Amino acid sequence: MNFAPTEEQKMVREMVRKFSETQIKPIAAELDRTHRHPEEICRQLGEMGLMGVAVPTEYDGAGMDNVTYVMALIEISKACASCGVIASVNNSLYGYPVNAFGTEEQKKKFLAPVAGGKVEGCYALTESAAGSDAAALKCRAELKGDRYIVNGVKTFITSGNIARYCVLAATTDPARGYKAIINMIVDLKNTPGFKVGKVEEKMGILASGTAELIFEDAEVPVENLLGKPGQGFKQMLSGLDAGRIGIGAQACGIGRAALEDAVEYSRERIQFGKPIATFQAIQFKLADMATELDAAELMLLRAAWLEDNDLDFEKEAAMAKYYASDVAMRAAVEGVQIFGGYGYIKEYPAERHMRDAKICQIYEGTNEIQRIVVARKLIGLR
Ligand code: CAA
């Protein structure tokens, strides 16, 4: 077994770390305060190949592996969790299914601009009555001639307000359950009958837009269908498996930021005549944060390695996602505690890490759903 990253992985990690520390971290508080979409960061991440890390170079991706993707996303998210989720959705929720199931023509037209970071992609699955129960979605796609006529409302769509393209999950017949679900690519800037609805006010990841997408007799050409009818739900679940590695990496990055800030603060903060880092009460917290984050990172790298080697990674991705996000939440809460009163005010980033970490336990499958995925594999129900 070899835990050493390759020269290329090390080089990319260093490059992303440097970029994130110098270009992203200094504006993270401003992005959080103003809720501004980090347009300039997205374009620069695109130029560095980080908006389509594992997408082949012929479709303007970086053609690298998922282990590198995890390393890069941890670094980006350590600097800014909102930038992390925008990159994760672009790479995984949009990039993965279009790359895995799209035709050559679809990839050239709809994948290359997103993987190259010129425009953003998003994934429209969730509805108000179809969250954990993804198969219950009601958004309807009726085939009329050479077009699907789409009617429905999607909620909580990450990057939905700024994305150019989305992979949209819809049903051709609600009575047929998951078997009637299809995925299609929609050009959100060029589809009459589509509009962005409410943009949500959230607790954290405030520079990442979370929007309602409204389809009213929206026409989508039949050639935008991904794969064949009947394959949509399985495409969706395998895309979510890949996406969960991305969210785990985002969580790990947030946890690492909480740890680094707490280490720095505890060295400087003097109480009872000494830096608080010299007290065991603080040391134990730091040690637990570091140990759990290391374990989470190793689990993420294992899941990514399995994916890179075309091995089943469904269980390992679910384990890594829920463990990393639980650990990140614990680290962020302990980070606030170490900062004491200063952890509760906006002058320091500790409170932002706590608000940002929480969503990682919820989106791309709640941590309860992840435990179900793991348990079903253990028991042999899948
Ligand atoms: N890959 C491929 N196929 C799979 C699969 C997988 N991981 N898991 C199940 N399947 C197949 C099954 O084998 C079954 O096929 P057969 O009937 O041919 O055997 C079919 O899919 C249906 O499976 P289930 O009956 O197990 O499906 P289910 O309705 O019980 O749902 C679930 C399973 C795991 C609970 C699923 O609904 C799920 O993952 N829910 C969570 C949804 C989710 O993650 N939403 C996140 C939204 S995106 C988001 O949050 C993005 C963001 O903002 C950042």
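Predicted model: local features only at pLDDT ≥ 70, side-chain atom pairs only at ≥ 80, totals over all residues.
1. Ground rules: local features need pLDDT of at least 70, side-chain atom pairs count only at pLDDT 80 or more, and totals for chains, interfaces and linings use all residues. Numbering runs from 1 along each chain as its sequence is written, and side-chain values use heavy atoms, with hydrogens and water left out.

2. The shell: 24 residues surround the ligand, each having a heavy atom within 4 Å of it. The closest are T158, Y178, K234, R244 and E364. By type, the shell splits into eleven nonpolar, six polar and seven charged residues (Ala, Val, Leu, Ile, Met, Phe, Trp, Tyr, Cys and Pro are nonpolar; Asp, Glu, Lys and Arg charged; the others, Gly among them, polar).

3. Polar contacts (N or O pairs within 3.5 Å): K234 puts a polar side-chain atom 2.6 Å from a ligand oxygen. On the nitrogen side, a polar backbone atom of S132 is 2.8 Å from a ligand nitrogen, and a polar side-chain atom of E314 lies 3.4 Å from a ligand nitrogen.

4. Who contributes: helix 4 (81-101), helix 6 (232-268) and helix 10 (367-379) are the elements giving two or more residues to the shell. Helix 6 gives the most, with seven. Helices here are DSSP runs (H or I, at least four residues), numbered from the N terminus.

Key
Polar contact = N/O pair within 3.5 Å; in protein donor to acceptor, adjacent residues only side chain to side chain.
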